[in-house]
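Subject: Structure handover

Hello,

Here is the structure we talked about. Please open it first, then read my notes below.

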Amino acid sequence: MTLDEIKSSPQAIKIYSSRLNLRKDNGSGYAALCPWHSDKNPSLKISNKDGKWLFQCFAGCGAGSVIDFVSKFCSVSVHEAIQIIEKELSWQTEKSEVEKTFRSVAPSEPKKVITLEQYAVCETALKNSPEGIKFLNSRGIEYETAARLHLGYRERLNFDPSSESTGWIALPCIRDGRIVSIEYRSIVGKVFKRQPGMTTFLFNSQNIDPLEPVFVTEGKFDAIVLEQNGFRAVSIPNSSTVITETEKDILKEASCIYLAGDNDFSGQTAMTRLWADLGENTYLLKWPNNWKDANEAFLKYKTISNSSKPYSLDFKDLIVHLMEVAKSQPMQNFFSLTEQMAAGNKLRLEDHPHRWHCPIPSVDSMIRVMPGGLIGITATNTGMGKTTFAMNCEIYEARKYGEVVINYSGELTPDEYSNIVAAHVLQKDRTQLQMLDYKLAAKKLGDIRFYTGYNPDLNTITPVLDLIEKAIKRFGATRVILDHIHYFCLNEANPVEAMASAQQRIKSMCQKYGVIFIELAQPRKAVQNLKGKMLHVTDIKGSEAVVSTSDAFLSIHREVARLPANGPPPKDPYDEDAIIQLLKGRSLGNGGSFTKLKCFGEWASFQEISPISESEQPGEKRFDEVL
């Protein structure tokens, strides 16, 4: 972090509050008793000036930035103070490191926003709507709370001709004093609509307070009832939405985070993943009595509030009790087997919405890889299309299934990677792309979250995996491509041992964050009589852990291109015909283990011809099979 980044960090208030008993003072500022003199009335003020959080003791003990404060408070040098702050602001430090390396392959276009003044007509409509207020009351929400959070009302939605005049509650998301998203909830049925042209964002993020914890819920009404009872709370759009890095930064401004999602499989899965991403000062809160969420807990609590403890307390005390329970159970990686099995919400592997999906049906049907899995991809020789195949798959998953992808390459720069992405999206010769083509490709990709990273200064595997793990947490990645494992182990003192250790760490990251890792690997140099032949599972270069830790391993094979009798020589050194072979699969699909594809190198695209059986495998038997 630079000095300016430290001084202007929104989390700088945490540095002050961890050492002082802060209280709000005149709106956006804070006050505390000065630690350097006998102070009875708070004379130490903290305020934001020109984007920097500065302190000043009005009794003359000193003033300056958060760096000066830590230096003085801890009696250390400025350099040591910076080290202390960077350690405490690890989230901000990781943010700077990741954003210097990764960039989006499809930068998002500006979205529509409206001012609070323009939206005020909806707030007035709710005030004058007995039906709207009655509906909110049925959910335990008082009109005063709704007005404070800028809820509104519309009789019908003009942008949706199918919406009848039945009444809709408007639930706005506010950022920097403007409305960036509006969701509408029907008052006659569980139907939701979203205002077209606007983004999705955290609901009620404007009320996050650095001196208070924040609750993260799955529903806006859940957040509202918690706010009504004196707690700061936000809502994510839904359990399938991976919140953005900006939204995580906003959550991190709170003193700590309680993840209070729905008590179902999808809700707990989403919250457990967020728990891993957000790290320290984050706790998982579970609703008791099989209550689904905060709103149901609030409504049903009224009917049992006079029963035996601990629920004879009022709702606020119940929440405080659940916070204490959450803090006493900080272990993220242990689960009750019986509870998991009894949940009854497990899907068939092929029906799991976040399993690995391949755009080529015959490859997709070969294997079933779930979140937490590792896929290896190799090829008979370099240049046969490993990078292209992985890119094709993950562009498809990002576009169709909303997966968040990070690609880290040791050899391709972001510009080179953007070139093959644009060629694939436009199905246009990559050597002929112009500036307008890249813009058109970005527009076609829409709002996908696909980030590519490249740092030539990192040439060993440990710092690369450190950076990838930070990027997983920052972006909320669900897919990671590492291109390729051998490149980053070449400079290690013992490449094979480094590779084995790296595989263990990669597998741990897969399981900790629920990501699917796609790892590209090189074959070992073939003996003379096997050059150009299809690979065996033992042909992978380096440590055997590359294969043994994988849940699936695919190999690409293409024959060397031949000179045509007439006409110019081929551009690609390998033939267009390609075979994808499944070398290993822990959970097999219902398809075969081989398939024929076409590889169009100039378009950076693979396309299917037909699946083939194992008996059709070309080439001679391996010498070890003969022996």
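Start with helix H9. Its buried residues are Lys220, Phe221, Asp222, Ala223, Ile224, Val225, Leu226, Glu227 and Gln228. That makes nine of nine, so the helix, residues 220–228, is mostly covered; buried here means under 20% relative accessible area. Just past H9 sits Gly230, with a positive phi of about 95°. Keep in mind that this is a predicted model.

Next, the nonpolar cores. The largest one has 59 residues. Which of them touch the most other members? They are Leu151, Phe215 and Leu251. Helix H13, residues 315–327, gives the most to this core, with six residues.

Take a closer look at Leu151. Leave aside its neighbours within four places in sequence. Its contacts then include Tyr119, Leu126, Ile169, Pro172 and Phe203. Ile224 is also in contact with Leu151, and Ile224 is one of the buried residues of H9.

Now the charged pairs. Side chains of opposite charge can pair when their charged atoms come close. How many salt bridges does a search of the whole structure find? The count is 36.

- Asp209 and Lys24: their side chains form a salt bridge, 2.4 Å from N to O. The two residues are 185 residues apart. Asp209 is in the loop between strands S11 (192–194) and S12 (214–217), while Lys24 is in strand S1 (residues 23–25). Asp209 is buried, because its relative accessibility of 4% is under 20%.
- Lys507 and Asp551: this salt bridge is also 2.4 Å, N to O. Lys507 lies in helix H21 (residues 495–513), and Asp551 in the loop between helix H22 (545–548) and strand S21 (552–560), so the pair ties together parts that are 44 residues apart in sequence. Lys507 is buried at 14%, and Asp551 is buried at 16%.
- Lys292 and Asp293: the closest N and O atoms are 3.5 Å apart. Lys292 is partly exposed, at 33% relative accessibility. Asp293 is buried, at 10%.

Best wishes

Key. Residues numbered from 1 in each chain as written. Predicted model: local features only at pLDDT ≥ 70, side-chain atom pairs only at ≥ 80, totals over all residues. Heavy atoms only, no water. Salt bridge = Lys/Arg side-chain N within 4 Å of Asp/Glu carboxyl O. Helix = DSSP H or I, 4+ residues; strand = E, 2+ residues; numbered from the N terminus. Buried < 20%, exposed > 50% of the residue type's maximum accessible area, 1.4 Å probe, protein only. Core = buried A, V, L, I, M, F, W, Y, C linked by side-chain atoms within 4.5 Å. Contact = heavy atoms within 4.5 Å.
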